[in-house]
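I opened a notebook for a structure that is new to me. These entries record what I looked up, in the order I looked.

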Amino acid sequence: MDTEQNQAPSDARPVLEAPDIARVLTRIAHEIVERAKGADDVVLLGIPTRGVFLARRLAAKLEEITDRKVPVGSLDITMYRDDLRMHPPRALARTEIPGDGIDGRLVVLVDDVLFSGRTIRAALDALGDIGRPRAVQLAVLVDRGHRELPIRADYVGKNLPTSLRETVKVLLAEEDGRDTVLLGAKPDQ
Amino acid sequence: MQRHLISAADLSRDDAVLILDTAEEMARVADRPIKKLPTLRGRTIVNLFFEDSTRTRISFEAAEKRLSADVINFTAKGSSVSKGESLKDTAQTLEAMGVDAVVIRHGASGAPYRLATSGWIDAAVVNAGDGTHQHPTQALLDAFTMRRRLVGRDTGLGQDLSGKRVTIVGDVLHSRVARSNVDLLHTLGAEVTLVAPPTLVPVGVESWPCEVSYDLDAVLPKSDAVMMLRVQRERMNAAFFPTEREYSRRYGLDGDRMARMPEHAIVMHPGPMVRGMEITAEVADSDRCTVVEQVANGVSIRMAVLYLLLGGNEPAVSHARTTEEK
Amino acid sequence: MSKILIRGARILGGEPQDVLIDGETIEAVGTGLSAEGAEVVEAAGKVLLPGLVDLHTHLREPGREDSETVLTGTRAAASGGYTAVFAMANTFPVADTAGVVEQVYRLGREHGYCDVQPIGAVTVGLEGKKLAELGAMHDSAAGVTVFSDDGKCVDDAVIMRRALEYVKAFGGVVAQHAQEPRLTEGAQMNEGIVSAELGLGGWPAVAEESIIARDVLLAEHVGSRVHICHLSTAGSVEIVRWAKSRGIDVTAEVTPHHLLLTDELVRTYNPVYKVNPPLRTEADVHALRQALADGTIDIVATDHAPHPHEDKDCEWAAAAMGMVGLETALSVVQETMVETGLLDWAQVADRMSVAPARIGQAAGHGRPVSAGEPANLTLVDTAYRGSVDPAGFASRSRNTPYEGRELPGRVTHTWLRGKATLVDGKLT
């Protein structure tokens with residue numbers, strides 16, 4: 001959810017274009033099937049906003065591969081953030097857990113960008129209040145480094161070495177009208 | 001939204017919709033195995049109740065605990081603390097203990113406003129009902145209940161109550177619920193009609209954004225929601241109406257009257273109901289009556305209000321989502 | 001006592017003249033008076049008025065010395081330009097006997113800041129049931145001529161009738177606090193649009209007007225005169241106007257705050273605006289100003305009602321009713337009546353000195369500023385503008401609704417029988 005920006009930096013350059021994103025998601029889907037040995041107990045939970053769209057796209061691809069319906073939902077982590085007191089309260093996004101729940105399932109969390117790892121930490125806390133999965137894995141479109149917590153992704157679309165002075169912006173057709181990942185300089189504060 | 005919640009009239013349409021949307025998410029917590037969120041961990045909230053109201057206090061307490069706040073209950077029953085000095089002194093004493101928010105119920109209209117504006121304390125103030133003035137969280141939970149029933153749980157998200165016709169029946173004069181609802185429902189685009197005997201409508205009501213009628217039967221067929229207010233029997237002694245029987249004949253809701261409401265229309269009541277006075281058991285127990293839902297919704301609404309007032313470094317100021325970079 | 005020459009003062013707002021005081025009396029009024037042997041007060045541009053007379057003051061002594069005493073109250077009076085105040089009877093004990101009124105009268109004389117004329121209670125203990133010893137209070141050293149249960153209404157029509165009749169024997173007058181008690185049970189503010197929104201118990205205009213209507217008819221029937229305290233509604237004005245046109249012997253007062261403030265202020269829930277009768281609407285304020293201008297309302301009376309801080313630093317319902325007013329009255333009248341062109345300074349002198357002295361029979365007060373008259377005088381710097389700072393009040397209480405508000409005019413000097421009680425804005 002924290003990938004939103006008011007505007008793309010003016011000097012941003014694309015690092016992934018629409019066909020790249022599609023290809024990368026297909027690859028991740030295959031990796032999930034392979035590592036989960038058929039993915040029959042996989043539940044995909046996207047982290048709002050763009051993680052949810054990515055999770056739905058992954059679910060569609062998993063269905064193509066396995067010919068089975070894959071439960072997909074969303075997990076809003078706002079209430080579990082560790083920086084709540086640094087900002088005004090945020091509007092909550094939807095948490096939608098698929099009907100059969102997550103107990104004993106393999107939950108794959110899906111987000112667009114992996115950065116400090118704090119979002120995923122919050123997601124793990126949120127998950128713990130909802131149920132007890134067999135295992136939890138993490139899929140991200142972009143890993144830009146600079147982790148502040150001992151967290152890593154199981155499935156990465158693209159490793160993107162960045163400077164802290166740079167910003168990564170993921171645009172998706174469902175929300176932004178087009179698919180692209182932009183890398184640019186952080187606007188002056 | 002401001003730092004305090006004193007009056008439903010202080011809420012903009014966007015503020016109100018944000019609260020309702022947030023409450024919709026909070027409601028989902030009730031369906032989880034662990035009905036708790038860590039959001040207000042380390043925050044201390046005092047429930048300062050100068051009037052008996054177990055229902056409202058428990059509802060706030062449940063909301064506070066589900067958000068992991070530390071809760072102090074202060075019930076100042078009796079007359080020894082009903083004096084002015086005591087409100088100030090009590091509030092200051094509590095704040096000295098490190099309280100982040102005060103949820104106050106007080107018999108004097110304006111007491112929460114005084115507490116929030118007099119410089120006595122710094123904590124956020126949430127009005128849990130003051131005299132015959134306001135009860136904003138009640139109005140919010142009523143609006144939430146109406147939006148769920150009349151617009152839809154999911155389709156209602158982001159929506160207000162435009163065009164919905166709400167009829168509020170009973171002791172408007174002494175009702176903070178009526179005042180709060182008139183303000184909030186108007187803000188949310190609903191059309192409100194008050195129905196009461198003329199003795200129980202305040203002088204000055206003509207400035208309120210609503211209609212006034214003395215004829216319940218004429219209004220019922222044009223209502224999407226009918227909210228029955230509690231009528232205390234002691235009002236009879238002050239000549240507001242002659243007898244209980246006459247009141248319930250003219251202004252009570254029974255099965256026959258309910259049948260004149262549109263199919264989809266709901267019956268609401270802030271509780272506690274006086275069965276046989278303003279509402280018959282047949283109506284109170286029917287599935288069109290939302291009394292029990294209102295109680296459940298009250299917890300969600302209060303969670304939303306507390307989150308939006310206390311969840312960040314400052315209250316949520318607008319519907320706009322805060323963004324950050326990655 | 002030495003001579004004082006007040007040089008170049010505009011008497012009643014007229015052309016500059018000198019006024020020479022010798023001892024307790026005005027010796028001469030004219031231009032170019034000799035200053036020989038006299039202390040000179042330069043008064044160029046200032047307005048000289050007869051010492052102001054307040055027919056409605058609460059001095060709180062005996063009983064509530066935590067809010068005001070005769071000393072602090074009369075110092076506040078001198079500070080506001082008053083040379084005589086009528087002290088209301090709702091003290092503890094109630095001023096319903098010769099003993100209490102004599103004590104209050106004597107304290108005023110001893111302190112020497114302002115003459116204190118006690119008002120006697122109409123009924124024993126202000127309970128509205130049994131007439132107090134009105135004659136004994138009149139015959140006492142205090143010489144009581146005005147009787148009032150102020151704070152409470154003499155609501156029993158028979159008691160009111162008897163009181164009106166009884167005081168005729170010694171030329172007294174009953175001052176009625178017009179408030180029908182049943183219509184104002186639980187009342188917290190004016191009943192209307194604002195009370196409906198705020199959920200505060202309403203004090204309807206009719207509760208005042210119905211009593212005034214009854215009392216002017218009673219006065220007519222028994223041939224007595226009646227004085228109506230603190231008129232606050234347009235309807236009350238109409239009734240008094242009608243009564244006067246019928247020849248009924250009625251006089252009426254209005255407070256400064258009812259000339260300026262409206263019930264919109266109650267939206268702050270700040271009890272500093274809580275007063276009885278309550279602040280009314282803009283339309284009422286307008287009617288009261290017109291009535292004071294055209295003489296329907298005879299006088300301005302402060303209803304100076306001191307309360308300790310803790311009685312106002314609380315929620316509205318728990319707060320005491322009343323405002324202090326002695327030290328701001330003239331400024332409020334200048335703002336609302338003079339600067340609006342409704343009254344000139346000669347008329348202000350009538351409404352705030354001459355007429356109240358006449359109604360209350362305060363000998364030596366409200367007299368013309370001319371040779372041979374008692375030197376009870378007030379000098380006003382009408383060009384002054386400043387914001388009200390209660391910290392500077394001489395009153396023991398600070399419950400003013402004007403804190404921080406800019407008001408025109410400032411009393412710089414007050415003389416009580418030739419003795420300066422206020423010099424350059426400072427009490428002596």
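**Entry 1: annotations on chain A**

I started with the UniProt record, an unreviewed entry, which lists residues 107-119 of chain A as "short sequence motif: PRPP-binding". UniProt positions are in the numbering used here, feature names are shortened, and annotations may be inferred rather than shown by experiment. I noted that this is a predicted model, where local features need pLDDT of at least 70, side-chain atom pairs count only at pLDDT 80 or more, and totals for chains, interfaces and linings use all residues. Residues are numbered from 1 along each chain as its sequence is written, while chains are lettered from A and ligands numbered from 1 in the order in which they are written.

Helices (H or I, at least four residues) and strands (E, at least two) are DSSP runs, numbered from the N terminus. The unreviewed UniProt entry also gives "domain: Phosphoribosyltransferase" for residues 16-157 of chain A. Over residues 16-157 of chain A I read 34% helix and 22% strand, with the end C-alpha atoms 10 Å apart.

**Entry 2: a strand in chain A**

Is strand β2 of chain A enclosed or open? I found 5 of the 5 residues of β2(A) (residues 42-46) buried, so the strand is largely enclosed by the rest of the structure. Buried means that 20 or more other C-beta atoms lie within 10 Å of a residue's own; exposed means 12 or fewer, partly exposed is in between, and C-beta atoms are placed from the backbone. A:Val42, A:Leu44 and A:Gly46 point one way from β2(A), and A:Val43 and A:Leu45 point the other way.

I then checked its partners; two strands pair if DSSP finds at least two bridges between them. β2(A) pairs with strand β4 (residues 106-114) of chain A in the parallel sense over 5 bridges. There, A:Leu44 has A:Val108 as its bridge partner. β2(A) also pairs with strand β3 (residues 72-74) of chain A, parallel, over 3 bridges. A:Gly46 is bridged to A:Ser74 in β3(A).

**Entry 3: which chains touch**

I counted contacts next: two residues are in contact if their C-beta atoms, placed from the backbone, lie within 7 Å. Of the 2 pairs of chains that touch, chains A and B have the most contacts. Chain A and chain C share no contact, and their closest C-alpha atoms lie 28 Å apart.

Between chains C and B, 18 residues of chain C are in contact with 22 residues of chain B. On the chain C side, helix α5 (residues 193-198) of chain C gives the largest share, 4 residues. That side divides into 10 nonpolar, 4 polar and 4 charged residues. Here Ala, Val, Leu, Ile, Met, Phe, Trp, Tyr, Cys and Pro count as nonpolar, Asp, Glu, Lys and Arg as charged, and the others, Gly among them, as polar.

**Entry 4: two domains in chain B**

The domain assignment, automatic or from a database, gives chain B a domain 1 (8-133 + 294-310) and a domain 2 (136-290). I read 25 Å between the centres of these two domains of chain B, taken over C-alpha atoms. In chain B, 25 residues of domain 1 are in contact with 25 residues of domain 2. On the domain 1 side, α1 (13-29), β4 (124-130) and α11 (291-310) of chain B each give two or more residues. The largest share, 8 residues, comes from α1(B).

I also looked at helix α5 (residues 136-151) of chain B. Its 16 residues reach 21 Å from first C-alpha to last, close to the 22 Å expected at 1.5 Å a residue. The expected span is 1.5 Å times one less than the number of residues. Of the 16 residues of α5(B), 14 are buried, so the helix is largely enclosed by the rest of the structure. B:Gly152 follows α5(B), with a positive phi near 130 degrees.

**Entry 5: a loop residue in chain C**

Where is C:Ala178 found? I located C:Ala178 in the loop between β10 and β11 (189-190) of chain C. C:Ala178 is buried, with 26 other C-beta atoms within 10 Å. Not counting residues up to four places away in sequence, C:Ala178 touches C:Cys153, C:Glu208, C:Ile211, C:Ile212 and C:Ile228. Helix α6 of chain C has C:Glu208, C:Ile211 and C:Ile212 among its buried residues.
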